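Colleague: I've got the model open on my screen. Can we go through it together?

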Amino acid sequence: MKNLLLASASIAVMAASATAEEVRVYNWSDYIDEALLEKFEADTGIKLIYDVFDSNELLETKMLAGGSGYDVVVPSGTFLQRQITAGAFQKLDMSKLPNMANMWDVVSSRTEQYDPDNAYSINYMWGTTGIGVNIGKVKEALGDDAPIDSLELVLNPDNMAKLADCGVHMLDAPAEMIPMALKYIGEDPDSQDPDVIAKVEPVLTAVRPYIQKFHSSEYINALANGDICVAIGWSGDILQARDRAAEADNGVEIAYHAAKEGAQMWFDQMAIPADAPNPDAAHTFLNFIMDAQNMADASNYVYYANGNLASQPLLEEDVIGDPAIYPDAATLENLFTTSPYAPKVQRVVTRMWTKIKSGT
Amino acid sequence: MRRFALIAVPYLWLLALFLVPFLIVMKISLSDIALAIPPYTPKLDLTGGWDAVTSFFKALDFENFEFLTSDDLYWKAYLSSFKIALISTVLALLIGYPIAYSMARAAPEWRPTLLMLVILPFWTSFLIRVYAWMGILSNEGLLNQFLLWTGLISEPLTILNTNTAVYIGIVYTYLPFMILPIYSTLEKMDDSLLEAAEDLGCSRTSAFWLITVPLSKTGIIAGCFLVFIPTLGEFVIPSLLGGSQTLMIGKVLWEEFFNNRDWPVASAVAIILLLILIIPIILFQRNEQKQREMEG
């Protein structure tokens, strides 16, 4: 009788674990070392279902529609803030996250702007928005003293006219391009005032004829293949282009610079949706990611900086030692962050962006 | 009773898959944007009883439709979509009719093979076929390489990311929808009518215009609708093959939904698109019915 009870109890436990022990993660594409996913399953015995997306807008639409079925999602700072306000996320249970002690205050003090007290999210990766150049081609067009680390390169029509023939791409993301143009004309890049934002329209319209394409991912290949000579893009993406060109050994030399006038710093944060089916497993996943070795493996693989101080001794020299990934203290001071636009301002921004791109 | 049940099936289908979704979208288009899940207000709360329902209806208004008239972006996008859909439909008809005609005139043992060849592209995903056109039309693509090789051009043509690429993509994608209905009417046509026309001294060209074309009218109309309607709201082809100057309502709707997070305005754009499509269809059907009554 006792044996029977034990047996049935263990069956019940097994049944419970079979249904409860899984976690569904929704992360950016090409953003993790897949070996880590296998390691997570081996370490914890939790089944991991891993899906990817490629735009914050797509993720936000799923979050605001509700019932996404995901346990962990990875929005960027301003998107995270808006979704917290909408009630899309649950507060983290710190008692289940002992690895929180590994986090880096330089990053967590900045992410508090989006998530006060970091109550809802942990930092996964962060980076900057800057300028990628094909050094050979740009020097050919503008001479040896081309301002490759300055916004003058991409927002001064005189320079752009000379670069147009070799190809310039810009991000199709007004939330990145408008703060950059505001910085260039000496305004507050985080301005929420429609009248101030309107000042960048003539700036961007003046260089519009010389821009081949507005796109948020094609520039990686285009830079690496030498099809274009300048791209405004995200740090890790341009570094990927640099490494692809170096591997292909095709004579293309790419460099990335955060503009010396000041560049936007962004954060991708992991959070747990309010209606997550498996919040416990989600916490286990977050704690696993915050492990120093695991986080170091992830950064060594994707070439983005992370918000984990304990992982830094474990990073490869070409990651921690590269100022394009881990900027020095002076550059770090020069980086700025932005906050989300209110719906009315967002509409002005989207409308202006359409006008800049299409002329309508 | 049995007849009633037979009619009820398609009507239930329309009710469940057309009218109910339409009313839901209509309801959202009358709401206001909100930072919540879901991102609009008010929400219908049936547990609140009659008071909740009346206050819900009081909160609805036509503000979003008024907003659409305040910015020239929207009517320009509708107009430009209309133009692109119209030109694409005419092009598809000009290319599709001769193909359908020669298929119907081919030896009967060949027809199943030819029909198969028209349907064959559907075996590959639509998205992959549009991506393939990116490879064909780009500056370093197959088309430019071929033209450079033949010496017809000395500089690569810029086709990708222009409206020309959008027309090529749409006509290519929707051509089978034009060919198939025209082919099916032409195939059923009674050849003795043409013989009679010849006996009465009608030339082959005028017999084609006086007999073949009018008899294939239903096929032409069905084909034109099948091409025009999906093209008007097309999103994938203009966003992959078109440039930033390509203005189409599908893209505007996407921006309202994803970039502005404004579901109410996005719904209003969708409702107007639907009305633009439905009104000509209803007028056309009325006209058909009248004609049939006059003939009958």
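This is a predicted model: local features need pLDDT of at least 70, side-chain atom pairs count only at pLDDT 80 or more; totals for chains, interfaces and linings use all residues.

Colleague: Which element gives the most to the side of chain A that touches chain B?

Modeller: The contact takes 27 residues from chain A and 28 residues from chain B. On the side of chain A, the elements that give two or more residues are α3 (56–65), α4 (77–85) and α18 (343–358). The one that gives the most, with 8 residues, is α18(A).

Colleague: And which three residues supply more of the area that chain A buries against chain B than any other three?

Modeller: Chain A and chain B bury about 2300 Å² between them, with 58% of that coming from carbon and sulfur atoms. Of the part that chain A buries, 27% is down to one trio: Leu64(A), Arg347(A) and Arg351(A).

Colleague: Which residue of chain B does Arg351(A) meet in a salt bridge?

Modeller: Across this interface the rule finds 5 salt bridges, along with 10 residue pairs in polar contact. By class, the side of chain A that touches chain B has 8 nonpolar, 9 polar and 10 charged residues. For Arg351(A), the N to O distance is 3.6 Å, which is within the 4 Å cut-off, so the pair counts as a salt bridge. The partner is Asp72(B).

Colleague: Over residues 263–284 of chain B, what percentage is helix?

Modeller: An unreviewed UniProt entry lists residues 263–284 of chain B as one of its transmembrane regions, and residues 207–229 as another. Residues 207–229 of chain B are 96% helix, with end C-alpha atoms 31 Å apart. For residues 263–284 of chain B, the end C-alpha atoms lie 32 Å apart and the helix content is 100%.

Colleague: Back to chain A: which residues supply 35% of the area that domain 1 buries against domain 2?

Modeller: The assignment gives domain 1 as 22–127 + 265–336 and domain 2 as 129–264 + 339–358, with 26 Å between their centres. In the contact, 15 residues of domain 1 meet 23 residues of domain 2. The two bury about 1600 Å² between them, 56% of it on carbon and sulfur atoms. On the domain 1 side, the 35% comes from Trp266(A), Tyr304(A) and Phe336(A).

Colleague: How many residues does α4(A) give to the side of domain 1 that touches domain 2?

Modeller: Between these domains the count is 5 residue pairs in polar contact. Both α4 and β9 (264–271) of chain A supply at least two residues of the domain 1 side. α4(A) gives the most there, and its number is 3 residues.

How values were computed:
Residues are numbered from 1 along each chain as its sequence is written. Chains are lettered from A and ligands numbered from 1 in the order in which they are written. Side-chain values use heavy atoms; hydrogens and water are left out. Contact means heavy atoms within 4.5 Å. Buried area is the accessible area (1.4 Å probe) that two parts lose on being put together, summed over both. A salt bridge is a side-chain nitrogen of Lys or Arg within 4 Å of a carboxyl oxygen of Asp or Glu. A polar contact is a pair of N or O atoms within 3.5 Å; within protein, one must be able to donate a hydrogen and the other to accept it, and residues adjacent in sequence count only if both atoms are side-chain atoms. Helices (H or I, at least four residues) and strands (E, at least two) are DSSP runs, numbered from the N terminus. Ala, Val, Leu, Ile, Met, Phe, Trp, Tyr, Cys and Pro count as nonpolar, Asp, Glu, Lys and Arg as charged, and the others, Gly among them, as polar. UniProt positions are given in the numbering used here, feature names are shortened, and annotations may be inferred rather than shown by experiment. Domain bounds come from an automatic or database domain assignment.
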